[in-house]
Amino acid sequence: LTFLDGSTLIMDEGVSIIGRTGTSLIFAGSAGLGIDIKPLVSGTYWGKIEADGSNSSLELLHVRMQGGHVNIISNGRAVIEDCSFRHYFIGDIPIIRTENASDFQMRRSFISNYYEVNIISTPALIEDCIFQFMTADGIDFDNSPAGTTLRRSIFRFGKGTNIDAIDFGKVDFMGNGSIGLIQQCLIHDISDKGVSIGEGAQEINVEGCLMYNCGAGVAVKDN
């Protein structure tokens, strides 16, 4: 299923777009026009865009999305480039979430006014993105496998207390500890830790990052 450049999707409350096993969802926007996805009523929330199942895939290119969230699960995969995701607060639902996905890549994207991004048991490559105005962790990596990499991204302006920019841990303290590489990131105005390494993390490397106005820079905790 392909959505063409210049499209606008107006989503009512609870409406979702879900691709199951073997399905490809392609949002083929360009720098010239792009694709808008927004709620029918400003300030309300719709559902999600989801890739669920083996050989399901989601490609988001030059998409401006508000009021919904993205879910990649159960061996689905996703490529997100040059997108913006804004204004999604429903309880503790992440604006972007993966769990047991086969691959997740995100580049040059902007995430603002959200609860958190949660990457669970998924090989991930995230580059050149901006994360701001989060009310929980900017990105929460749980049980992240070897190859998980975050580069040249900015985390700023956490809203509230006990907010980490980047957190490595486990889901319910179970499973393998996280592995990850963080390179050349800028982190500032975060109430708690710039990088939190906890819950049995196996190997986290932090290289060439600048952090200021944070409660702590890098913290290693929870065994």
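Residues are numbered from 1 along each chain as its sequence is written, and side-chain values rest on heavy atoms, with hydrogens and water left out. In this predicted model, local features need pLDDT of at least 70 and side-chain atom pairs count only at pLDDT 80 or more, whereas totals for chains, interfaces and linings use all residues.

Salt bridges are considered at the outset. A salt bridge is defined as a side-chain nitrogen of Lys or Arg within 4 Å of a carboxyl oxygen of Asp or Glu. A search of the whole structure identified 14 salt bridges. A network of such bridges links E81, D82, R107, R108, E127, D128, R151 and R152. Strands (E, at least two residues) and helices (H or I, at least four) are DSSP runs, numbered from the N terminus. R107 counts as buried, with 16% relative accessibility; buried means under 20% relative accessible area, exposed over 50%, and partly exposed in between (1.4 Å probe, protein chains only).

R108 is partly exposed, with a relative accessible area of 42%, and D82 is partly exposed at 26% relative accessibility.

E127 forms a salt bridge with R151, and the closest N and O atoms of this pair are 3.0 Å apart. E127 lies in strand β16 and R151 in strand β19, so the bridge ties together parts that are 24 residues apart in sequence. Strand β16 comprises residues 124–127. The relative accessibility of E127 is 11%, so this residue counts as buried, whereas R151 is partly exposed at 24%. When neighbours within four places in sequence are left aside, E127 is in contact (heavy atoms within 4.5 Å) with M106, R107, R108, R151, R152 and S153. Of these, R152 lies in the loop between β19 (149–151) and β20. R152 has a positive phi of about 45° although it is not a glycine, and its relative accessible area of 37% makes it partly exposed.

The aromatic residues were examined next. Rings of Phe, Tyr and Trp (its six-membered ring) pair if their centres lie within 6.5 Å; planes under 30 degrees apart count as stacked, over 60 as edge-to-face and the rest as tilted. The structure contains 5 aromatic pairs. In one of them, the ring centres of F3 and F27 are 4.4 Å apart and the planes lie at 10°, so the pair is stacked. F3 is in strand β1 (residues 2–4) and F27 in strand β4 (residues 24–28), so parts 24 residues apart in sequence are tied together. F3 is buried at 16% relative accessibility, and F27 is buried at 0%. The rings of F133 and F157 are also stacked, because their centres are 5.6 Å apart and their planes are at 20°. F133 is located in strand β17 (residues 130–134) and F157 in the loop between β20 (154–156) and β21 (166–169), 24 residues apart. F133 is partly exposed at 29%, as is F157 at 32%.

Q132 also lies in strand β17, and is buried with a relative accessible area of 8%. Apart from neighbours within four places in sequence, the contacts of Q132 include S112, N113 and F157. N113, in strand β14 (residues 110–114), is buried at 16%. The phi of N113 is near 60°, a positive value in a residue other than glycine.

N213, in strand β25 (residues 210–220), is exposed at 52% relative accessibility. The C-alpha atoms of N213 and H188 are separated by 5.3 Å, although the residues are 25 apart along the chain. L40, in the loop between β5 (35–39) and β6 (48–52), is exposed at 52%.
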